[in-house]
Structures are given as C-alpha cells and as structure tokens.
Amino acid sequence: MILSRAPTRITLGGGGTDLKSYYSKHGGFLIAGAIDKYCTILASKRFYDSIRLSYSQTEVRNNVADIKHRIFRAALELTGLEKGIELHSAADVPANCGLGTSSSFTVALLNALHTYARDFVSQKQLATQACHIEIDLLGEPIGKQDQYLAAFGGLTCLTFNQNGEVLVEPLRISHQALEQLEDNLLLFFTGKERSASEMLCDQDEKCKQDNPEMTANLHQIRDIGLETRKYLEKGQVDMLGELLHVHWETKKKRSRGMSDPFIDECYEVARKNGAVGGKLIGAGGGGFLMFYSANRDKPRLLETMQKMGLRWERFCFDFDGAKILVNA
C-alpha cells in the first residue's frame, strides 16, 4: 500500500506569467507558497486484474484506455501500469477552488504510481511529468506553477525561461518574516467554484495574438512578482498587502469574468475592516479570497467576512512538497 500526498498553493505575485503563450515570448516570474491543504492518493494491489478507481465516482475497468477520468488514464499510461491496482483519491479542499488542486492531484498520483512500480523520480521529474500530462496530453490552457509548487513545496520563486525551462529557487526569507507572513495572510472561501481552464482560455488566446493590453498587463503582474520577492527577502512583509492590492486591481482588467458584484463587495468591505490588500487566488471568478491584515486588525476582518457568509480556512505553509507518507 502506498499513501501519497501533494500540497496545494497560494500565489503571492506574478500569477499568469507561467502560461506558455506569455513566457515563451517574454519570460515569466512568480512567487508562490505551498500550503497544508493536500490532495492524497492511496494505491494498493488489487486481487483481480482489473483497475478500480475511487474519486467522486467509482470506475472498474479492464483496460486503461477505457478509463473515463482523464488524469488517471494519462498517468497510468505514462507509468505503464496496466492492471491489478486500486487507486483512491481525497482532497482537503474542493476542486475548482483556485488553489491548484488538479495539479496537486496529478503530482500525488504520479508519485504514488512511480513508488508502487518501485521507480524513484525526483521532484523536478514529477513536476515535468505533471505539466506534460495536463498541458501537452490533455490540452489544458494552464500554466506550470501549480505542478512545481505541488512537487517542491515551500515558499518558492519560479522563473519561466522562453525555452520552457523552469528555474526553482526558495524564497530567502527570515524565520521572523515567515512567521509574520503566515500570521497575517487570511484565506476565505467564497463558496463559488469555477474552472481555471475556462478563465484562462481568453488570456491564453490574447497572448498568442500579441494583444497589447494583455501583454502590458502581464508585464506589470510579472514586475509585481519581482517586487514582492524583493520586499519579502528584505523582511518588509507589510508591503505585501499593498502589492496584493495593486496585483488585484491589475488582474481584474484581464477579464470581465475575473470578479463579480459579490466578490467586489467582499473585497471593499474587507479593505474597510482591516485588510491592507488581497486578491482572488487562481484564475479568478471564484474560489478563495486571500487578504493581508496586520495582527491588530485580524479579529475585525474575520468577524466581518464571516458575517458576509465567507468561510475562513486556516493554513500553514508546507515545506515538504510531494511526499510518500506510507510505503508498506
């Protein structure tokens, strides 16, 4: 029996510049943090030669090609496991919530399958293979940050070179600044789920067409990511709140569907009740709102957001990345 898990993530700055349609022309950069909300996969030997999958549905198939779940099917084909296996999935947060659950699922699944086959793979291999499955094989118009954060974990800076290479660097942040950052970031679930692919299609297409407004917007987002890194490594953590606000105002201009009246209202109320700044996590349209608030203002912000119907979700940063919890 193999028990594998991989973390989800929050993006602090630069999100959106990890799409190939942008970084292949201009290079991309972002900074993100893996958090302790996980996707978990259990893999075990099956008595029969068939394959049994358990997720929101249950599948029992005699052939890998007949599997309906696209990621399960692609991962089994890639690793060459064709029969006699059971796979069960679980997640701490819902799908389509903006935290990169699809990629966390893919990385955890690949790690479980490779371990089951007694085949060691590195964190970089896991990230690369997850990108290959989601972007190349399944054609999802998504970026690469989710797969790399799920594999490597930590507070991580990702540089996307024009040739497709990804440079992974840990954020050089002091222990004191890390504690301040973790204490002052608050996550609230809006109750709205949405598909990242649907939200990113428009951005991807405009980048491919060299749309000047979209390109300029993403240049600014990339610069915000670089500024975020600079201030956090200097220990000036409170600057993150201001940068998140600029990031959100810039991000909203990319698409009309990025926000809606309820999300806008929540954001404005939060800003009046202790939030320095914040943004929707992920491609936009729903999922989790993240705010930066000084310690003295946190109780007021928490009370106000919960009165508006948002669910507060506590989190800590994860520095393990993809991990095998049990190998029996």
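**Rings, charges and strands**

Guide: The charged end of R5 lies over the ring of Y38, 3.9 Å from the ring centre. This comes from a predicted model.

Visitor: How far from the centre of the ring of Y231 does the charged end of K230 sit?

Guide: A charge counts as sitting over a ring only if NZ of Lys or CZ of Arg is within 6 Å of the ring centre and within 35 degrees of the ring normal. K230 and the ring of Y231 form such an arrangement. The distance from the charged end of K230 to the ring centre is 5.0 Å.

Visitor: Is the aromatic pair of Y267 and F291 stacked, tilted or edge-to-face?

Guide: The structure holds 10 aromatic pairs. In the pair of Y267 and F291, the centres are 5.9 Å apart and the planes form an angle of 40 degrees. Planes under 30 degrees apart count as stacked and over 60 as edge-to-face, so an angle between these limits has the remaining label. The pair of Y267 and F291 is tilted.

Visitor: How many residues apart in sequence are the parts that Y267 and F291 tie together?

Guide: Y267 belongs to helix 10 (residues 261-272), whereas F291 belongs to strand 10 (residues 288-293). Both Y267 and F291 are buried.

Visitor: Which residues form one aromatic cluster with Y267 and F291?

Guide: Y267 and F291 form an aromatic pair. They also belong to one aromatic cluster, whose other members are F188 and W248.

Visitor: What is the angle between the planes of F315 and F317?

Guide: Both F315 and F317 are buried. Their rings form an edge-to-face pair, 5.7 Å centre to centre. The angle between the planes is 80 degrees.

Visitor: Why is strand 2 described as largely enclosed by the rest of the structure?

Guide: Strand 2 covers residues 28-45. It pairs in the antiparallel sense with strand 1 (residues 2-13) over 11 bridges, with strand 5 (residues 85-91) over 7 bridges and with strand 6 (residues 155-160) over 6 bridges.

Visitor: Which residue in strand 5 is the bridge partner of A43?

Guide: Strand 2 has bridge partners in several strands: L3 is partnered by L42 of strand 2, and F29 stands opposite T159 in strand 6. In strand 5, the partner of A43 is L87.

How values were computed. Residues are numbered from 1 along each chain as its sequence is written. This is a predicted model: local features need pLDDT of at least 70, side-chain atom pairs count only at pLDDT 80 or more; totals for chains, interfaces and linings use all residues. Side-chain values use heavy atoms; hydrogens and water are left out. Rings of Phe, Tyr and Trp (its six-membered ring) pair if their centres lie within 6.5 Å; planes under 30 degrees apart count as stacked, over 60 as edge-to-face and the rest as tilted. Helices (H or I, at least four residues) and strands (E, at least two) are DSSP runs, numbered from the N terminus. Buried means under 20% relative accessible area, exposed over 50%, partly exposed in between (1.4 Å probe, protein chains only). Two strands pair if DSSP finds at least two bridges between them.
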